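Have the structure open as you read.

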Amino acid sequence: MSERVELSGAQPGVGDAVEQFVVQQVYPQPGVKAQSDYRNYDNPARDTVREFYRQNHRHQTLEFVRARRAEFLGLQRQRLSPFGALQFLNTLIDDSDPDIELDQLQHLLQCAEAIRADGHEDWFVLTGLLHDLGKVLCLWGQPQWAVVGDTFPVGCRFSERIVYSEFFADNPDAADPVLSSEPGIYEPGCGLRNVLMSWGHDEYLYHVLRPYLPEPALYMIRYHSFYAWHREEQYDWLCDQHDRAMLPWVRKFNPYDLYSKCPTPPDWRQLRPYYED
């Protein structure tokens, strides 16, 4: 499958043009929802958002992440088809999302359909449909603060550009002299593949799908919630040249993930034959 990937779509500067891209597309719809209305954490659409991040930032420690990786990355919990996972997501509303209350199936369809409407390759459309399937972690009793929300490195200083960063004051790692330093447990330029990210659906699904998708798709899945990196330009000191080469792909995916959200749900019955194929 990797032979089908056209790397020409990720030329340098793509990330810089994200905002222009959004304005030129139909999402958000002019006069319906403004670009600035998305990811509005000062005035989120639902009261759950602030409390979600209070819990997330308090409990996502290096020790917690290592324990969850040991528990789940053996991939021995349950066998599900993609459609079985999608059916479960039809019951889930993301408590961390400040924009909308649609269930996750509708979000995935909106994202994939926006990508398809712009004529992108099949693997890119498929990534849009699958990118949040890791939220099936909620099936196994995991609280949402350990499944969804923005992600960030653990084992080093928390960036102030992470949403609701003030809540890290309650995280035990913030009081550790090593873990609260900028390098923490890492060497500069070590590469994101050697960095432990806060635990959630992104990291879990990456390990599920890594044998099946091309490298740009895997970066989209693994780091689409890492806003401190792909939007706020933090943590570059951890990156190597491969990460920097893949960053434009993550930025190319992000507008579809974020700005395709709208209150009108797609018709799953009508669309399912296309995605089954």
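## The α5/α6 pair

Keep in mind that this is a predicted model. Start with helix α5, residues 104–117, and helix α6, residues 122–130: their axes are 7 Å apart and the packing angle is about 165°. Anything over 145 degrees counts as roughly antiparallel, and α5 and α6 are therefore roughly antiparallel to each other. As for handedness, α5 passes α6 in a right-handed crossing.

On the α5 side, the residues that meet α6 are Leu108, Leu109, Cys111, Ala112, Ile115 and Arg116. Their partners in α6 are Phe124, Val125, Gly128 and Leu129. Sorted by class, this contact has eight nonpolar residues, one polar and one charged.

Alanine 112 lies in helix α5. Is alanine 112 buried or exposed? With a relative accessible area of 0%, alanine 112 is buried; the cut-off for that is under 20%.

Which residues does alanine 112 touch, once neighbours within four places in sequence are left aside? The answer is Val125, Gly128, Leu129 and Tyr275. Take glycine 128: alanine 112 and glycine 128 are 16 residues apart in sequence, yet their C-alpha atoms are 4.3 Å apart in space.

## α11 and its buried side

Tyr275 turns up again in helix α11 (residues 268–276), where Trp268, Leu271 and Tyr275 are buried. These residues cover an arc of only 70° around the axis, so they sit on the same side of α11. The background is simple helix geometry: an α-helix has 3.6 residues a turn, so residues three or four places apart point the same way.

Covering the buried residues of α11 are, among others, α4 (82–89), α5 and α6.

## α3 does something along those lines

Now for helix α3, residues 62–72. Its buried residues are Leu62, Phe64, Val65, Arg68 and Phe72. Looking down the axis of α3, you'd see these buried residues fall within an arc of 160°, so they line one face of the helix. The face turned away from that buried side carries Glu63 and Ala70, which are exposed.

What covers the buried residues of α3? The cover includes α2 (48–59) and α7 (201–209).

## Threonine 61, in the loop

Between α2 and α3 there's a loop, and threonine 61 has its place there. Setting aside neighbours within four places in sequence, threonine 61 is in contact with Val154, Asn171, Pro172 and Asp173.

## The α7/α8 pair

Back to α7, part of the cover over α3. How do α7 and helix α8 (residues 215–223) cross? Their axes come within 7 Å and cross at roughly 155°, which means α7 is roughly antiparallel to α8.

From α7, the residues meeting α8 are Asp202, Glu203, Leu205, Tyr206, His207 and Leu209. Leu218, Ile221 and Arg222 are what they meet in α8. By class, that's five nonpolar residues, one polar and three charged in the contact of α7 with α8.

Key:
Residues are numbered from 1 along each chain as its sequence is written. This is a predicted model: local features need pLDDT of at least 70, side-chain atom pairs count only at pLDDT 80 or more; totals for chains, interfaces and linings use all residues. Side-chain values use heavy atoms; hydrogens and water are left out. Axes are lines fitted to C-alpha atoms, for helices over the stretch in contact, and angles run from 0 to 180 degrees between N-to-C directions. Helices (H or I, at least four residues) and strands (E, at least two) are DSSP runs, numbered from the N terminus. Angles under 35 degrees count as roughly parallel, over 145 as roughly antiparallel, 65 to 115 as roughly perpendicular and the rest as oblique. A crossing is left-handed if the near helix is turned anticlockwise from the far one by less than a right angle, and right-handed if clockwise. Contact means heavy atoms within 4.5 Å. Ala, Val, Leu, Ile, Met, Phe, Trp, Tyr, Cys and Pro count as nonpolar, Asp, Glu, Lys and Arg as charged, and the others, Gly among them, as polar. Buried means under 20% relative accessible area, exposed over 50%, partly exposed in between (1.4 Å probe, protein chains only). The arc is that of the directions from the helix axis to the C-beta atoms.
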